[in-house]
Amino acid sequence: MSLLPGCDASVLDAWFARDYTGAHRNFAEACDHAGITRRFVQHPGTGPAGEPVGISVARLGPLCADRILVILSGVHGPELMCGSAIQTGLLQTGMLGALSPDTAVLMVHAVNPWGAAYASRTNEDNIDLCRNFVDFNAPLPVNAGYRAIARAFHSQAEDGDALLAEFARQHGTLALNTAMWGGQYEEPSGFSFGGHAPAWSRLVLESVLREHVGSAQRIVVVDCHSGVGPYGYGLAVCMQAGTALERVRKMFGHWVLAPREAGAGDYYPVTGHASDGYESWFEGRELSAIVLEFGTYDLQHTSGVMRAEQRLRHHGDSIRAPEAIRHDVVEAYCPADPAWRYAVWTRALQVVEQSIAGLHT
Ligand SMILES: [Zn+2]
């Protein structure tokens, strides 16, 4: 029995690729199926086999739309597999076919195509794009906690784990998460590096969004991620504050998590988040931006997998084979479990419905 259109297990399975090439093909075929034009912005680098990689942009609805829903995938490389499946499914099932004439949907596929091709969270310069949206003409944020744990990302796994565990024992889990994931601007080969200049992906994203949002006054951005939160649950996270956060909570529920608000538990605040970019580009408009974060495994597991990938990339001292590490990374961010995939799809449909409804209230 299928509870929702398009939810047959084999159909769902086909939407979830295991690498960049598969995700790119799925999205391209879905655009063809939906009869919409797709623009490919080629990245200056290539994939592991020398293949071209890039960002795909597709749009439904009129260019003069006053309301627009933007759906992003793959800001963090291996998380593309989850977000791409959502974008592909929405086009393959025709779920967005009945938009009102003043509404558009923009899909930006593989925002970090290099990272997706190499199963790396970060981009070609080891930049975590979600820490790159700072003003590089102003003094850069300082993450003092990161300095204390930086060595963990260079040493063998046993030493690194012990160092992180000791830091957590002394300062608490929130302090560890902030030190590790909050963003740092000092060590280019380190973890959560935010960059020293705007990244290629940031520049392309800004240009694409400015062009397609046009003069729309109501904007909802759903940025699809995976790897944080309870397994199979699609957590809506909002980096905005004040009336924007209130509006987001009206749209998606009062449980929307706001890490920059006091009392967000072990959820860490970050610097240079993409939401800060949208807010500066669309100042004065009604912007509602969420990260839709699908939980996979616990943070300790995903952190360990990411550290293995980082050591492989920067130091070549992997304990396991590169292919095994890349497989671990994809599985850590997009489990093959059919129940997880079903949960992703049903939650994504709910969020898209809420977004469209929110654009019209
Ligand atoms: Zn992410």
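A crossing of two helices is right-handed if the near helix is turned clockwise from the far one by less than a right angle, and left-handed if anticlockwise. Keep that handy for the tour.

You're looking at a predicted model, where local features need pLDDT of at least 70, side-chain atom pairs count only at pLDDT 80 or more, and totals for chains, interfaces and linings use all residues. Numbering starts from 1 along each chain as its sequence is written, and side-chain values use heavy atoms, with hydrogens and water left out.

**Stop 1: H3 and H13.** Select residues 80-93, helix H3, then residues 338-359, helix H13. (Helices are DSSP runs of H or I, at least four residues, numbered from the N terminus.) Their axes, lines fitted to C-alpha atoms over the stretch in contact, are 10 Å apart. The angle is about 65° (angles run from 0 to 180 degrees between N-to-C directions). Which hand is the crossing of H3 and H13? Right-handed. Now show the side chains in contact (heavy atoms within 4.5 Å): among them are Ile86 and Leu90 of H3, and Trp345 and Leu349 of H13.

**Stop 2: the largest nonpolar core.** A nonpolar core is a set of buried Ala, Val, Leu, Ile, Met, Phe, Trp, Tyr and Cys residues joined through side-chain atoms within 4.5 Å. Buried means under 20% relative accessible area, with a 1.4 Å probe and protein chains only. Of the 83 residues here, Leu90 and Ile149 touch the most other members. Helix H13 gives the most to this core, with eight residues.

**Stop 3: Ile149.** Leaving out residues up to four places away in sequence, Ile149 touches Leu163, Leu164, Phe167, Leu176, Ala179 and Met180.

Notes. Buried < 20%, exposed > 50% of the residue type's maximum accessible area, 1.4 Å probe, protein only. Helix = DSSP H or I, 4+ residues; strand = E, 2+ residues; numbered from the N terminus.
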